[in-house]
Structures are given as C-alpha cells and as structure tokens.
Amino acid sequence: MSDTSAVTPAANMTVDGDRLWDSLMQMAAIGPGIAGGNNRQTLTDGDAEGRTLFQRWCEEAGMTMGLDRMGSMFLRHEGTEPDLDPVYIGSHLDTQPTGGRYDGVLGVLAGLEVIRSIRDMGLQTRRPIVVTNWTNEEGARFAPAMLASGVFAGVLTEDYANSRTDAEGKRFGEELDRIGWRGTETPGDRKIHAMFELHIEQGPILEAANIPIGIVTHGQGLWWLQVTLTGKDAHTGSTPMAMRVDAGRGMARIIEAVHRIAMDHQPDAVGAVGQANLFPNSRNVIPGRAVFCIDFRSPDLAKLTSMRERLEVEAAQIAEELGLSIEIEPVGHFDPVTFDPGLADSLRAAADRLGHAHLDIVSGAGHDSCWIAQVAPTVMIMCPCKGGLSHNEAEEITPEWARAGTEVLLHAVLDAAEIVR
C-alpha cells in the first residue's frame with residue numbers, strides 16, 4: 001500500500017450539470033420512440049448503437065472496457081492501487097418499448113459524469129472506479145428482468161439466459177451475438193468493494209415532498225407469474241353461451257382476482273397484469289388460449305409469498321369452473337432487499353455536505369442492484385420524476401434533479417474509493 005491517506009470530499013466538489021444533461025439528450029436521440037421518449041429495447045440495433053456511443057465517451061474520458069459473456073459493459077477508471085477491489089456505479093441503457101429518456105440511462109451516464117468530474121478536478125482515488133451498463137434490465141423483450149445482473153450474482157445460469165425468447169421467438173443468446181456485444185469474461189468473476197446505482201424514483205413520493213434525494217433503504221420483492229389458459233376456439237356468433245370454453249373470460253376473472261388479492265394484503269403490496277395476449281385474436285372467434293403475466297410486489301416477504309400462493313389456488317379454481325386447462329410459470333422473482341446501511345449513511349452524509357434535502361424510501365421497482373446486493377455491499381439513490389410517471393414516453397425529470405443526484409453520487413463514490421491526499 002502506498003503512503004497515502006483518504007480525505008473527505010469538499011462541498012465545492014460538484015459535477016457539470018449541463019454536460020450531464022447534454023449526454024442524456026444525445027443518448028435519447030438513439031432509438032427514439034414515437035412520443036418523445038425511447039424504444040431502445042435490449043439487443044436491438046438501437047441498443048448496439050447506444051452501447052457504442054457510451055463506450056466512445058468513456059474511452060475519451062480515459063477509461064478501459066471489459067465485457068462479459070452476457071454483454072454487460074464495465075468501464076474502468078484506474079486507481080492508485082489497482083489491485084484493490086473497485087467501486088462500481090451501475091444501471092442500464094435498455095428501455096421499455098414506450099420508455100422514457102431517464103429510466104436506467106441516468107444511472108449509467110451519471111457514472112460517466114462522475115469520472116469526467118474526477119478528471120476535471122485532477123483527483124485520484126486509491127480504488128479503481130467502474131461504470132457498468134447491465135444487459136437486459138428491463139425484461140421487456142426477454143423475461144425475466146435484470147437478466148445479466150442475475151447471472152452475475154449467480155441466481156440465474158448463462159444457459160437459462162441465452163435460451164430466453166422474445167415475442168418473435170428470437171433467442172437472447174443469438175441476438176447478443178448478432179449485435180456483436182458478447183464478451184469473454186465469465187459473469188460474476190469481478191470483485192466489487194461497493195456498488196452504487198442512481199435511478200429515477202418511478203413514483204411520486206419525492207416530488208410530492210419537494211425533496212430532491214431519496215436514500216433507498218429497501219427494495220420490494222417480486223413475483224412474475226406467466227399464466228396460460230387453454231380452452232377452445234369457436235365462432236362467437238354460432239356457439240351457445242353455455243357451450244363455450246372461453247380463455248378470455250378466464251383471464252378476466254383471474255385479473256380481477258389479482259387486484260382483490262393485492263388489496264387484501266394492504267398495506268405495502270401491489271399486483272396487476274400488464275402484459276396479456278389472446279389467441280387467435282380475431283374479433284369473431286372466442287379465444288381458445290390466453291397468455292398473460294401477473295406482477296406481484298411487496299417489501300414484506302410473507303405477504304409476497306402469500307399473494308403467490310393464494311393466486312395459484314384461486315386461478316386453478318377459476319379454470320376448473322370454466323373448463324379451462326391452466327399452467328402457471330414463474331418467469332421472474334427476487335426476495336425483498338435490504339441495501340447496505342453503511343453505504344446508505346454515506347449517501348446521507350454526502351447529501352448533508354452538499355445541502356440537499358433527503359428522504360429514506362423503498363424502491364417499488366426492481367433494479368440490477370437488487371441482485372448485486374446478494375454478492376456485494378450495494379445501495380441506491382433516487383431523484384424525483386414528474387408526476388411519478390415512468391415506463392412511459394412522457395417520463396420527465398429536471399436538470400436540477402439530475403445534477404443533485406449525481407453530485408451526491410460523486411461524493412459517496414469518492415468516500416468509498418478514497419481520495420488520495
């Protein structure tokens with residue numbers, strides 16, 4: 001170890017908010033949506049283009065890239081003691097089909113801005129700092145969500161990940177190879193001293209409280225349950241009501257059961273169906289098959305487990321009453337997460353140092369940090385989003401919120417990476 005001592009970041013150590021905002025807008029020009037947001041789904045040509053731009057920016061900032069077999073990008077800023085475990089900053093560049101400009105992207109480009117600011121100020125840290133773009137966080141094209149970080153954490157296998165298919169039957173592994181972003185590193189081989197993720201809240205709490213910084217202490221657990229109901233296709237005009245085996249009716253009744261079950265587990269429980277398909281999807285054919293995905297979430301493991309168990313019982317009863325066959329497949333799951341209390345304290349201290357008001361909150365959404373928390377000390381920081389709106393092209397934040405969150409991130413990362421005097 002070199003003869004150095006760590007120092008606390010000074011309050012005047014800030015980021016270039018205009019440069020950060022410009023980077024966000026340049027990335028948003030790749031994979032544009034139809035209403036001002038983005039459709040840059042994972043492993044599409046737009047995803048490949050966004051990755052290339054991010055790599056170029058990082059290399060211009062003096063960083064070097066590593067790439068694992070899941071396509072996750074690791075951009076490294078060297079420390080004075082390269083053998084020390086690095087501090088990681090990570091999120092994702094992929095979006096929903098109708099995604100906003102900031103969900104995930106803010107966390108990646110804020111990491112880049114942290115490194116740019118460190119270089120601008122001529123600072124050095126003992127530990128290296130690595131900015132990460134995790135592949136397929138959203139799970140919109142390939143379920144489950146947080147796929148690559150799940151493989152990294154050892155909760156999912158590479159074979160499982162590579163076998164996932166999209167709505168057109170295209171396989172994750174084949175699409176990763178097609179866009180040319182499969183690396184050679186074994187996922188999970190990297191050592192992490194601490195992991196930070198900045199994200200928009202995706203909810204209304206911070207904006208309603210007029211507080212710019214959320215310290216995320218916990219994350220909700222989640223079950224995604226894909227239900228397949230099979231009945232009998234038949235003509236809607238000539239099939240008597242009493243002789244129908246209607247998969248659409250079964251889906252409607254189960255969707256209502258999802259809402260009732262979530263309401264019965266209040267507070268701190270939610271449930272909905274956000275993806276549903278009827279087959280053959282013709283206006284004059286009674287649907288013979290329905291495939292839909294249930295999303296249950298809660299920070300309380302007992303409630304989360306209870307909701308899944310009750311749904312499985314009630315859905316089977318509904319299917320039996322209607323003469324339908326039923327299959328329920330879990331396609332996504334993680335238990336509730338408690339983020340590292342020491343790192344949360346570091347975020348609070350950074351916010352106080354910078355004069356930013358802060359509030360402890362629970363993340364209602366899943367994030368890559370939920371998996372990484374299983375293998376390394378991890379914490380999340382959030383900034384508000386207007387109206388709590390996300391997974392929508394109208395998603396919006398302000399430059400001031402982005403800057404404040406990135407400044408707190410900068411200070412906490414410098415604390416963890418240890419500024420060298």
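A cavity is, on a 1 Å grid over the protein atoms alone, a set of points where a 1.4 Å probe fits but cannot get out, and its lining residues have an atom within 4 Å of a point. Grid points are joined across faces, edges and corners, and a volume is the space filled by probe spheres set on the points. The structure examined here is a predicted model, in which local features need pLDDT of at least 70 and side-chain atom pairs count only at pLDDT 80 or more, while totals for chains, interfaces and linings use all residues. Residues are numbered from 1 along each chain as its sequence is written, and side-chain values use heavy atoms, with hydrogens and water left out.

The chain is divided into domain 1 (10–220 + 336–417) and domain 2 (221–334), with bounds that come from an automatic or database domain assignment. Their C-alpha centres lie 33 Å apart. Contact (heavy atoms within 4.5 Å) joins 15 residues of domain 1 to 13 residues of domain 2.

The interior may be described next. A nonpolar core is a set of buried Ala, Val, Leu, Ile, Met, Phe, Trp, Tyr and Cys residues joined through side-chain atoms within 4.5 Å; buried means under 20% relative accessible area, exposed over 50%, and partly exposed in between (1.4 Å probe, protein chains only). The largest such core has 92 residues, of which Met27, Phe54, Leu109, Phe196 and Ile397 touch the most other members. Helix α12 (residues 399–417) supplies the largest share of this core, 11 residues; helices (H or I, at least four residues) and strands (E, at least two) are DSSP runs, numbered from the N terminus. Domain 1 and domain 2 each contribute at least three residues to this core. Beyond neighbours within four places in sequence, phenylalanine 54 is in contact with residues including Met27, Met73, Leu109 and Asn133. A second, separate core of 25 residues includes Leu229, Met251, Ala262 and Leu311.

A search of the whole structure for cavities of 30 Å³ or more finds 1. The largest cavity holds about 30 Å³ of space, and its lining consists of Asp94, Thr95, Gln96, Gly99, Gly100, Asp103, Glu138, His391 and Glu395. This lining comprises 5 polar, 4 charged and no nonpolar residues, where Asp, Glu, Lys and Arg count as charged, Ala, Val, Leu, Ile, Met, Phe, Trp, Tyr, Cys and Pro as nonpolar, and the others, Gly among them, as polar.

Threonine 98 is found in the loop between β4 (87–91) and α3 (105–120). Because its relative accessible area is 41%, threonine 98 is partly exposed. Not counting residues up to four places away in sequence, threonine 98 touches Asn38, His391, Asn392 and Glu393.

Methods:
On a 1 Å grid over the protein atoms alone, a cavity is a set of points where a 1.4 Å probe fits but cannot get out, and a pocket is an open set with protein on both sides within 12 Å along at least five of seven lines; lining residues have an atom within 4 Å of a point.
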